[in-house]
Amino acid sequence: MALSGVCIYPGSFDPITNGHLNIIERSLKIFRTVIVAVAINAKKTPLFSIPERVKLIEDSLKETLSEEDLKRVKVDHFEGLLIDYAKKKKARAIIRGLRAVSDFEFEFQMASMNRKLSPDVEMLFMMTDESNFYISSQTVKEVLSLGGCVEGLVPKAARRAMVKKFKERKQES
Ligand code: PNS
């Protein structure tokens with residue numbers, strides 16, 4: 001199949017998980033270019049800064065993707081409305097992963113609002129791979145901060161960075 005078009009894969013990515021990586025890999029089978037876009041959200045208190053999150057995504061993609069695929073992924077950040085960013089990047093679609101019914105309400109609301117703002121950019125949803133359906137950045141951070149094992153749930157780069165961050169925080173307190 002000839003690949004065409006740009007899609008945006010937006011999120012907080014605090015940090016990137018194997019679930020996110022799976023969505024990126026599958027998006028690359030449909031679109032020529034995938035832009036992974038880290039949202040700046042003043043309402044959230046993240047563990048990692050925006051440059052840290054961008055770097056973690058880049059390092060994780062290097063661990064996972066072939067050189068060919070790597071050339072077709074860009075990692076960026078944006079502030080403001082996602083739909084404005086998508087239009088600026090001339091994206092045909094915005095991709096979101098769906099894990100469970102509990103994700104649906106928020107995603108449906110967001111998709112409807114985005115469509116109202118601009119019907120030209122399609123929202124596409126991918127069901128998360130069955131091995132990743134229970135993974136979220138939030139739960140992974142909680143498990144690791146309490147001494148649990150997150151092997152196989154996040155890329156190695158993200159695990160190392162979280163271990164370092166929690167160690168630093170412990171030393172500070
Ligand atoms: O990984 P997340 O936290 O579920 O990602 C949510 C995100 C960043 C995709 C969403 O909050 C977003 O699109 N923020 C940008 C602001 C915006 O466009 N809001 C209007 C949509 S309702």
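I57 is buried, with a relative accessible area of 0%, and belongs to helix α2, which covers residues 50–64. The structure described here is a predicted model.

**Ligand and its surroundings**

- The ligand takes up the space of the largest pocket.
- Around the ligand are the residues G11, S12, A39, K44, F78, G80, L81, L82, R96, M110 and N114.
- The side chain of K44 has an N or O atom 2.8 Å from an oxygen atom of the ligand.
- In the case of L82, a backbone N or O atom lies 2.8 Å from an oxygen atom of the ligand.
- The side chain of R96 places an N or O atom 2.9 Å from an oxygen atom of the ligand.
- Taken alone, the ligand exposes 550 Å², and the protein buries 72% of that area.

**Aromatic pairs**

- The count of aromatic pairs comes to four, on the rule that ring centres lie within 6.5 Å.
- One of these pairs is formed by F78 and Y85: the ring centres are 5.0 Å apart and the planes stand at 25°, so the pair is stacked, the limit for stacking being planes under 30 degrees apart.
- Both F78 and Y85 are buried, and F78 is also among the residues around the ligand.
- F104 and F108 form another pair, in which the ring centres are 5.4 Å apart and the planes lie at 15°, so this pair is stacked as well.
- F104 and F108 are four residues apart in helix α5 (residues 101–117), and therefore about one helical turn separates them.
- F104 has a relative accessibility of 45% and so counts as partly exposed.

**Backbone of selected loop residues**

- Most residues other than glycine have a negative phi, and most peptide bonds are trans.
- The peptide bond from D14 to P15 is cis, with omega near 0°.
- P15 is located in the loop between β1 (6–11) and α1.
- F13 is likewise found in the loop between β1 and α1.
- Phi of F13 is near 50°, a positive value in a residue other than glycine.
- With a relative accessibility of 2%, F13 counts as buried.
- K90 lies in the loop that runs between α4 (82–88) and β4 (93–98).
- Phi of K90 is near 55°, which is again a positive value in a residue other than glycine.
- K90 is exposed, its relative accessible area being 69%.

**Residues separated along the chain**

- R32 is situated in the loop between α1 (18–27) and β2 (33–39).
- At a relative accessible area of 41%, R32 is partly exposed.
- R32 and S4 are 28 residues apart in sequence, while their C-alpha atoms are 4.7 Å apart in space.

Terms used:
Residues are numbered from 1 along each chain as its sequence is written. This is a predicted model: local features need pLDDT of at least 70, side-chain atom pairs count only at pLDDT 80 or more; totals for chains, interfaces and linings use all residues. Side-chain values use heavy atoms; hydrogens and water are left out. Rings of Phe, Tyr and Trp (its six-membered ring) pair if their centres lie within 6.5 Å; planes under 30 degrees apart count as stacked, over 60 as edge-to-face and the rest as tilted. Buried means under 20% relative accessible area, exposed over 50%, partly exposed in between (1.4 Å probe, protein chains only). Helices (H or I, at least four residues) and strands (E, at least two) are DSSP runs, numbered from the N terminus. A residue is near a molecule or strand if one of its heavy atoms lies within 4 Å of it. A polar contact is a pair of N or O atoms within 3.5 Å; within protein, one must be able to donate a hydrogen and the other to accept it, and residues adjacent in sequence count only if both atoms are side-chain atoms. Accessible areas come from the Shrake-Rupley method with a 1.4 Å probe; for residues, only the protein chains shown count as cover. On a 1 Å grid over the protein atoms alone, a cavity is a set of points where a 1.4 Å probe fits but cannot get out, and a pocket is an open set with protein on both sides within 12 Å along at least five of seven lines; lining residues have an atom within 4 Å of a point. A molecule sits in a cavity or pocket if more than half of its atoms lie within 2 Å of its grid points.
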